Every structure is written in structure tokens, then in C-alpha cells.
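The sequence and structure come next, and the text then moves from single residues to the whole fold.

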Amino acid sequence: YKVESLGSVKGVSSKMMECYVAVLLGRLFAIVPFEGYLPFDKSGDWFYQLCEAVAFLLCGFIVYCCRLRHAKTYDPTSDTLNHLWLMLPALVASLIFHPSLNDFLPSDISWAFALYLESVTVLPQLFMFMKEG
């Protein structure tokens with residue numbers, strides 16, 4: 001809401017939001033076609049999936065605003081943490097250490113990738129705050 005009302009993405013780390021897009025995409029790949037990572041109570045499955053999809057769309061929209069719509073207000077000089085250094089270790093760890101609740105290897109790896117990446121996703125924003133002061 002604030003991005004659109006102010007017409008600015010000042011202070012938002014695009015790299016953090018790109019990591020969140022990857023996290024949510026990984027989780028959606030694991031929960032939409034399969035049930036292994038959903039709660040046992042099936043009554044709220046659709047709501048959980050809907051919340052994940054809405055969060056994915058919102059994060060994607062913020063990335064769009066940072067890269068195109070409000071690109072003039074985005075400061076890439078303060079958003080300097082290379083998020084690939086966060087994504088690659090998370091991917092490697094998920095290839096080695098992953099659960100098997102869906103009994104489908106790509107889905108299980110994507111769930112683990114999302115879990116590992118989400119634990120460090122806020123680092124680009126933290127580095128941006130530290131750099132800006």
C-alpha cells in the first residue's frame with residue numbers, strides 16, 4: 001500500500017523481495033499439487049494456498065515496482081548484498097538435506113530450498129539499512 005500511495009520504493013531492498021519471490025514459488029510448487037507439507041486438517045488447505053499465492057503476487061509486484069514502475073526512486077547503490085550468495089547455498093543445502101513428505105523429489109527439494117532461503121532472506125534489507133545509516 002505504501003509503495004503505491006507514495007509512488008516510491010525508497011528503502012525497499014529489491015534483492016530481498018526477489019528472494020521472497022523464490023521462497024514463495026518454492027513453497028507453492030510443494031503445496032499446490034501435493035499435500036505432504038500441508039496441515040493434517042484439510043479444512044484450511046485452500047486458504048493456506050491462497051495466502052501463499054497472494055503473497056507471491058504482492059512480492060512480485062514490489063519487485064516490478066523496484067525494477068520498472070518506480071525505478072527512479074530505487075537506490076541500487078545501497079542494495080549491494082548479492083542475493084545469489086544466499087540462493088546458491090540454500091539450493092545446495094536443499095539438494096543434500098531435504099524431507100520426503102511428498103514422495104516427489106523436486107517438490108521436496110523446493111520445500112527445503114524455500115525453508116533454507118527464507119531463513120536468510122532479510123539479510124539484503126539489513127545490509128541496506130546498515131549502509132544507509
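Thr-121 is located in the loop that joins H5 and H6, where helices (H or I, at least four residues) and strands (E, at least two) are DSSP runs, numbered from the N terminus. This residue counts as buried, at 0% relative accessibility; buried means under 20% relative accessible area, exposed over 50%, and partly exposed in between, with a 1.4 Å probe and protein chains only. Leaving out residues up to four places away in sequence, Thr-121 touches Met-16, Cys-19, Tyr-20 and Val-23, contact meaning heavy atoms within 4.5 Å.

The model is predicted: local features need pLDDT of at least 70 and side-chain atom pairs count only at pLDDT 80 or more, while totals for chains, interfaces and linings use all residues. Residues are numbered from 1 along each chain as its sequence is written, and side-chain values use heavy atoms, with hydrogens and water left out.

**Overall fold**

The chain contains six helices and zero strands, in the order α-α-α-α-α-α along the sequence. Its C-alpha atoms fill a box of roughly 45 × 30 × 20 Å, taken along the principal axes. Of the 133 residues in the chain, 38% are buried. Among contacts with a separation of 6 or more, 76% are between residues 24 or more positions apart.

**Packing of H2 and H5**

Two packed helices are described by the angle between their axes and the distance between the axes. Helix H2 (residues 14–31) packs against helix H5 (residues 105–118) at an angle of about 150°, and their axes are 8 Å apart. Here axes are lines fitted to C-alpha atoms, for helices over the stretch in contact, and angles run from 0 to 180 degrees between N-to-C directions. On the H2 side, the residues that meet H5 include Cys-19, Tyr-20, Val-23 and Phe-29; on the H5 side, Trp-111, Phe-113 and Leu-117 are among them. The residues of this contact divide into 12 nonpolar, three polar and two charged. In this division Ala, Val, Leu, Ile, Met, Phe, Trp, Tyr, Cys and Pro count as nonpolar, Asp, Glu, Lys and Arg as charged, and the others, Gly among them, as polar.

**Nonpolar cores**

In soluble globular proteins, nonpolar side chains tend to be buried together. A nonpolar core is a set of buried Ala, Val, Leu, Ile, Met, Phe, Trp, Tyr and Cys residues joined through side-chain atoms within 4.5 Å. The largest such core has 11 residues, including Val-3, Met-16, Leu-24, Cys-65 and Tyr-74. H2 and helix H3 (45–69) each supply at least two of its residues, and the largest share, four residues, comes from H3. Another core lies apart from it and has 10 residues, among them Val-23, Met-87, Ala-114 and Leu-117.

Tyr-74 touches Val-9, Val-12, Ser-14, Cys-66, Arg-67 and Asp-79, not counting residues up to four places away in sequence. Ser-14 lies in helix H2 and is buried, with a relative accessible area of 0%.

**Cysteines**

A search of the whole structure finds zero disulfides, a disulfide being a pair of cysteine sulfur atoms within 2.5 Å. For Cys-51, the nearest cysteine sulfur is that of Cys-59, 13 Å away. For Cys-65, the nearest is that of Cys-66, 7.0 Å away.

The C-alpha atoms of Val-120 and Met-16 are 9.3 Å apart in space, although the two residues are 104 residues apart in sequence. Asp-103 is found in the loop between helix H4 (84–96) and H5, and its phi is near 55°, a positive value in a residue other than glycine. Glu-132 has its place in helix H6. Its C-alpha atom is separated by 6.6 Å from that of Ser-78, 54 residues away along the chain. Glu-132 is in contact with Gly-11 and Ser-78, leaving aside neighbours within four places in sequence.

The table gives the accessibility of several residues.

| Residue | Relative accessible area | Class |
|---|---|---|
| Cys-51 | 38% | partly exposed |
| Cys-65 | 0% | buried |
| Asp-103 | 69% | exposed |
| Val-120 | 24% | partly exposed |
| Glu-132 | 38% | partly exposed |
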